[in-house]
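Please view the sequence and the model together while reading.

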Amino acid sequence: MMQLSSLATATAIAALLLMGPASAQTAAPAKTDAPKAEAKAPKAEKPRTAASLECSKEADAKGLKGKERKKFRSECKKAAADKPK
């Protein structure tokens, strides 16, 4: 019984010590006149080259995903750029 009450007391003290930082309030963010979404200009997309499209088709045909796909497309586009036109 003594161990149970000691454990309960230790748990209560630990909970009280850990609740302070968890419940601390942070400062409110500064208000701005313009919303952030309007402040950023939309990023213009580059048109994809024929080599890029062909490399994507080859990667799709091989069923590549993730890092393997990215590596394959990079090497494929470099090889296509090295070929004489």
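Which residues form a disulfide, and how far apart are their sulfur atoms? Cys55 and Cys76 form it, with their sulfur atoms 2.0 Å apart; a disulfide is a pair of cysteine sulfur atoms within 2.5 Å. This is a predicted model, in which local features need pLDDT of at least 70 and side-chain atom pairs count only at pLDDT 80 or more, while totals for chains, interfaces and linings use all residues. Residues are numbered from 1 along each chain as its sequence is written, and side-chain values use heavy atoms, leaving out hydrogens and water.

**The disulfide**

- The structure holds one disulfide.
- The pair links distant parts of the chain, 21 residues apart: Cys55 lies in helix H3 (residues 50-62) and Cys76 in helix H4 (residues 66-82). Helices (H or I, at least four residues) are DSSP runs numbered from the N terminus.
- The disulfide is left-handed, because the torsion about the S-S bond of Cys55 and Cys76 is about -80 degrees.
- Both Cys55 and Cys76 are buried, where buried means under 20% relative accessible area and exposed over 50% (1.4 Å probe, protein chains only).

**Helix H3**

- Ser52, Cys55, Ser56 and Ala59 are buried in H3.
- Seen down the axis of H3, the buried residues fall within an arc of 105 degrees, so they line one face of the helix; the arc is that of the directions from the helix axis to the C-beta atoms.
- Ala50, Lys57 and Ala61 are exposed, on the face of H3 turned away from its buried side.
- After H3 comes Gly63, with a positive phi near 70 degrees.

Conventions: Helix = DSSP H or I, 4+ residues; strand = E, 2+ residues; numbered from the N terminus.
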